[in-house]
Structure formats: structure tokens, C-alpha cells
Amino acid sequence: NALVTLLDGQDVVARTRTDAQGVYVIESVEAGQYQLTVEAPDAVAAQTDVNVVAGQTTTKDVLLVDATP
């Protein structure tokens with residue numbers, strides 16, 4: 001149940017949560033460059049760039065690192 005946020009600069013474009021398997025879907029995003037952030041309890045937040053192309057499905061896997069000692 002990680003929180004997934006799609007950003008255009010500082011503007012939130014979309015926000016969703018992953019399912020139990022870590023899968024998420026964000027639909028109806030305009031083509032362009034975005035930042036994707038993923039946050040989960042006990043994990044280091046991850047951020048990556050994503051390029052959305054018109055008429056194509058974009059897949060972006062993100063690995064979260066355990067933050068517990």
C-alpha cells in the first residue's frame with residue numbers, strides 16, 4: 001500500500017496507492033515529463049523521472065529500500 005504520486009514540477013498530477021503486489025495504475029495522463037514519487041511505511045522514499053508518450057502505455061518500476069535498522 002505504497003503512496004504513488006505523479007508530479008509536474010511542484011503540481012500533483014495524480015495520486016494513487018499500490019495493491020498488495022505493489023502494482024499501481026495512473027490513467028489519463030497527458031504526454032510529457034513527470035516525476036514519480038513512491039512512499040511507504042518503513043521504506044526510504046523513492047523518486048524517479050518518467051516520460052509519458054501519447055498513445056502508449058508507460059511502465060515504471062520503482063524499488064523501495066527498507067529503512068528499518
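In this predicted model, Thr 37 stands opposite Gln 47, a residue of strand 5. Strand 3 and strand 5 run antiparallel and are joined by 7 bridges. As a general rule, the strands of a sheet pair through backbone hydrogen bonds, in either a parallel or an antiparallel manner.

How many strands form the open sheet, and in what order do they lie? There are 4 of them, arranged in the order 2-1-3-5 with antiparallel pairing. Strand 2 (11-17) and strand 5 are the edge strands, each of which pairs on one side only, and from one strand to the next the twist averages 25°.

The largest nonpolar core consists of 9 residues, among them Ala 2, Tyr 34 and Val 50. Two or more residues of this core are given by each of strand 1 (3-8), strand 3 (32-39) and strand 5 (46-52), and strand 3 supplies the largest share, with 3 residues. In soluble globular proteins, nonpolar side chains tend to be buried together. Leaving aside residues up to four places away in sequence, Ala 2 touches several others, including Thr 16, Val 38 and Leu 64.

Taken as a whole, the protein chain has 6 strands and 0 helices, and 22% of its 69 residues count as buried. Its C-alpha trace spans about 40 × 25 × 15 Å along the principal axes. Because a compact globule of 69 residues would have a radius of gyration near 11 Å, the 12 Å found for the protein chain agrees with that expectation.

Technical notes:
Residues numbered from 1 in each chain as written. Predicted model: local features only at pLDDT ≥ 70, side-chain atom pairs only at ≥ 80, totals over all residues. Heavy atoms only, no water. Core = buried A, V, L, I, M, F, W, Y, C linked by side-chain atoms within 4.5 Å. Buried < 20%, exposed > 50% of the residue type's maximum accessible area, 1.4 Å probe, protein only. Contact = heavy atoms within 4.5 Å. Pairing = 2+ DSSP bridges. Axes fitted to C-alpha atoms, helices over the stretch in contact; angles between N-to-C directions. Rg over C-alpha atoms; globule rule 2.2 N^0.38 Å.
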